[in-house]
Amino acid sequence: MTAGEPSATDDAGWDAERPASVVRPFLLTAGRIAGGDSLVPPIPIETQVVATDVGLAALDAFVFEQHRDIITVCREPQSLAEIAAKLRMHLNVIRVLADDLRSDGQLALYAPQAHSNRDVTVLRRVIDGLRAIPDSRGAIREG
């Protein structure tokens with residue numbers, strides 16, 4: 001590796017070229033799906049997840065490497081989407097496994113407030129920002 005060249009691992013020590021798991025997703029979740037209980041909706045993808053002391057203490061005792069990997073990645077707060085991307089696993093599998101680990105006290109989940117995703121001013125600022133980006137000819141779109 002030369003100076004200035006990024007390493008193959010990120011800050012948490014995860015290998016950027018880590019192969020995807022060969023275990024089928026339905027085996028990891030025992031056939032369960034995120035939000036399978038119609039009374040409980042799936043965990044939102046922007047939910048922040050962090051390992052608890054209980055989870056970190058049990059790191060070497062996990063039977064499934066996927067559980068261990070999730071706890072390891074969550075030493076620092078991560079969104080469910082980030083976890084899925086880092087571990088190269090399907091988002092709904094991460095939802096199910098994270099909920100299992102939360103039930104066992106090994107993860108803490110911090111879901112966004114329900115009303116925060118309905119703030120129209122945020123959406124308006126995003127639209128205005130996108131319109132302010134010049135097209136390939138350098139012209140600004142009129143809104």
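I'll start with Val122, which sits in helix H6, residues 120-131. Keep in mind that this is a predicted model. Val122 is partly exposed, at a relative accessible area of 37%. On the surface, Val122 belongs to a nonpolar patch together with Leu123, Val126, Leu130 and Ile133. Taken together, these residues have about 460 Å² of accessible area.

Side chains of opposite charge can pair when their charged atoms come close. The whole structure has 2 salt bridges. One of them joins Asp128 and Arg124, with 3.6 Å from N to O. How far apart are Asp128 and Arg124 in helix H6? They are 4 residues apart, so about one helical turn separates them. Asp128 is partly exposed at 40% relative accessibility, and Arg124 is partly exposed at 43%.

Another salt bridge links Asp99 with Arg102, where the closest N and O atoms are 2.9 Å apart. Both residues lie in helix H5, residues 91-103, with a spacing of 3 residues, again about one turn of the helix. Asp99 has a relative accessible area of 29%, which makes it partly exposed. Arg102 is also partly exposed, at 38%.

Last, Gln78, in strand S2, residues 78-79. Is Gln78 buried or exposed? Its relative accessibility is 7%, so Gln78 counts as buried, the cut-off being under 20%. The Gln78 side chain makes a polar contact of 2.9 Å with the side chain of Lys86. Beyond its neighbours within four places in sequence, Gln78 is in contact with several residues, among them Thr47, Val49, Val73 and Ile83.

Key: Residues numbered from 1 in each chain as written. Predicted model: local features only at pLDDT ≥ 70, side-chain atom pairs only at ≥ 80, totals over all residues. Heavy atoms only, no water. Patch = residues over 30% accessible without salt bridge, like charges linked within 9 Å, V, L, I, M, F, W, Y side chains within 5 Å. Areas by Shrake-Rupley, 256 points an atom, 1.4 Å probe, with all protein chains shown as cover. Salt bridge = Lys/Arg side-chain N within 4 Å of Asp/Glu carboxyl O. Helix = DSSP H or I, 4+ residues; strand = E, 2+ residues; numbered from the N terminus. Buried < 20%, exposed > 50% of the residue type's maximum accessible area, 1.4 Å probe, protein only. Polar contact = N/O pair within 3.5 Å; in protein donor to acceptor, adjacent residues only side chain to side chain. Contact = heavy atoms within 4.5 Å.
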